[in-house]
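Please look over the sequence and the structure shown here before reading on.

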Amino acid sequence: RIMAGKVKWVTDIEKSVLINNFEKRGWIQVAENEDWNFYWMSVQTIRNVFSVETGYRLSDDQIVNHFPNHYELTRKDLMVKNIKRYRKELEKEGSPLAEKDENGKYIYLDFVPVTFMLPADYNLFVEEFRKNPSSTWIMKPCGKAQGKGIFLINKLSQIKKWSRDSKTSSFVSQSSKEAYVISLYINNPLLIGGKKFDLRLYVLVSTYRPLRCYMYKLGFCRFCTVKYTPSTSELDNMFVHLTNVAIQKHGDDYNHIHGGKWTVSNLRLYLESTRGKEVTNKLFDEIHWIIVQSLKAVAPVMNNDKHCFECYGYDIIIDDKLKPWLIEVNASPSLTSSTANDRILKYNLINDTLNIAVPNGEIPDCKWNKSPPKEVLGNYEVLYDEEMAQSDGHDRELRSRSGQSTGVKGNRARDSGKPVLTTWK
């Protein structure tokens, strides 16, 4: 009987048959005790479960670890599309969050690099490229992970791998050709030891309507193995530019003991000692702001099935002005470990996630209000609770943006010195 990726075995023979069947279908066993086995479904399995053709229906005691259309956030092109739509809707509503500066840039919602879809937006991209011909851009296939298919360009001639219509000088869309996104490359990343890094942060969403999400405190930084240089001669050197472990582990300088990783707490200590505590608090406030706004952007279009929860892997890059940028969101962040510390972190991540999804290890019930007691949160902390925000008469969202409070549970509000819980509206 399938329950939250859990199976209660009747006989040893049934157990071995089901395990073999699950493995073939892309399920990953993540935990086991005397009576229960937890399985993590792949995104392909989720697609099959919710497919109209299968006609499968989940019962009240079955929950799964992805939302049916999670790709609205986790496909690179759809994430950008939804964030752009979200900005326009806030503008139409006259929301102060959609305020722009004198150059027409969003003051609060400028957290994704300028991005176009190819081949569809090729002409728009060319127009933008010609405004700053010396800029560098990064191309990524929309539906791939682990750094596959990514390359950097700084000349229009470098994207001739796409077929071109000689008459209109525009891309010809081919059904066999995979869609790409092309984004303005962050060529001034914050460097530590001369090396580029990004942040991998884990965010658990238990429900989208109302939105309730949790931030995992034990995220980490992923460092490149080769010192960063913006030199155009190194555009093809992925060990300089891409932080993905799947790429860096093949480098000559990859360290198999620490895996080129720092904990987020170590990064925070480093920044507090080199840039100051107030600046560091502001940076992490802005990172949390980015995450909440990205979830709000997709909430209206997300299929908020009551049987679903999801643990996302957020990739954030910080530039040398300490401005954070959302690069992408992963539906299936790697749960394999590259180091001993990695193994401990991911074991705890899975354990804490399951404790929130199925409190006390009881039989799942998709009808419960999905608000677990604090004692089961483990290393998670509430990042945003829409119900709590709406019941709060104060508009803390703008106060958070203006730096009056950190907006994160456990951190100190700068105006009162007291811990506050995030309740951005």
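The model is predicted. In it there are 14 aromatic pairs, and the structure also holds 2 cavities of 30 Å³ or more. Among the backbone details are a cis peptide bond from Leu118 to Pro119 and another that joins Arg209 and Pro210.

**Aromatic rings**

- A pair of aromatic rings is described by two values, the distance of the centres and the angle of the planes.
- Among the 14 aromatic pairs of the structure is the one formed by Tyr202 and Phe220, whose ring centres are 6.2 Å apart and whose planes stand at 55°, so the pair is tilted.
- Because Tyr202 belongs to strand β12 (residues 195-208) and Phe220 to strand β14 (residues 220-223), this pair ties together parts that are 18 residues apart in sequence.
- Both partners of this pair, Tyr202 and Phe220, are buried.
- Elsewhere, ring pairs link Phe116, Tyr122, Phe125, Phe129 and Trp137 into a cluster.

**Charges over rings**

- Lys100 lies over the face of Tyr106, where the distance to the ring centre is 4.9 Å.
- Arg268 is placed over the face of Phe284, at 4.4 Å from the centre of that ring.

**The second largest pocket**

- The volume of the second largest pocket is about 910 Å³, and 27 residues line this pocket, with Lys105, Asp110, Val112, Pro113 and Val114 lying nearest its centre.
- Two or more lining residues come from each of the elements α4 (76-92) and β5 (115-118), and α4 gives the largest share of the lining, 5 residues.
- By class, the lining of the second largest pocket is made up of 11 nonpolar, 4 polar and 12 charged residues.
- At least three residues of this lining are drawn from domain 2 (79-110), and at least three from domain 3 (114-156 + 178-185).

**The largest cavity**

- The largest cavity has a volume of about 110 Å³, and of the 14 residues that line this cavity, Ile63, Phe309, Ala357, Trp368 and Lys370 are the closest to its centre.
- Strand β12 and helix α10 (340-357) each supply at least two residues of this lining, which divides by class into 9 nonpolar, 2 polar and 3 charged residues.

**Backbone details**

- Most residues other than glycine have a negative phi, and most peptide bonds are trans.
- The peptide bond from Leu118 to Pro119 is cis, with omega near 10°, and Pro119 lies in the loop between β5 and α5 (122-131).
- The peptide bond that joins Arg209 and Pro210 is also cis, with an omega of about 0°, and Pro210 is found in the loop between β12 and β13 (211-216).
- Leu322, a residue other than glycine, has a positive phi, near 60°, and is located in the loop between β16 and β17 (324-330).
- Because its relative accessibility is 8%, Leu322 counts as buried.

**A buried aspartate**

- Asp315 lies in strand β16 (residues 310-318), and with 5% relative accessibility this residue counts as buried.
- Although Asp315 and Glu328 are 13 residues apart along the chain, their C-alpha atoms are separated by 5.5 Å.

Definitions and conventions
Residues are numbered from 1 along each chain as its sequence is written. This is a predicted model: local features need pLDDT of at least 70, side-chain atom pairs count only at pLDDT 80 or more; totals for chains, interfaces and linings use all residues. Side-chain values use heavy atoms; hydrogens and water are left out. Rings of Phe, Tyr and Trp (its six-membered ring) pair if their centres lie within 6.5 Å; planes under 30 degrees apart count as stacked, over 60 as edge-to-face and the rest as tilted. Helices (H or I, at least four residues) and strands (E, at least two) are DSSP runs, numbered from the N terminus. Buried means under 20% relative accessible area, exposed over 50%, partly exposed in between (1.4 Å probe, protein chains only). A charge sits over a ring if NZ of Lys or CZ of Arg is within 6 Å of the ring centre and within 35 degrees of the ring normal. On a 1 Å grid over the protein atoms alone, a cavity is a set of points where a 1.4 Å probe fits but cannot get out, and a pocket is an open set with protein on both sides within 12 Å along at least five of seven lines; lining residues have an atom within 4 Å of a point. Grid points are joined across faces, edges and corners, and a volume is the space filled by probe spheres set on the points. Ala, Val, Leu, Ile, Met, Phe, Trp, Tyr, Cys and Pro count as nonpolar, Asp, Glu, Lys and Arg as charged, and the others, Gly among them, as polar. Domain bounds come from an automatic or database domain assignment.
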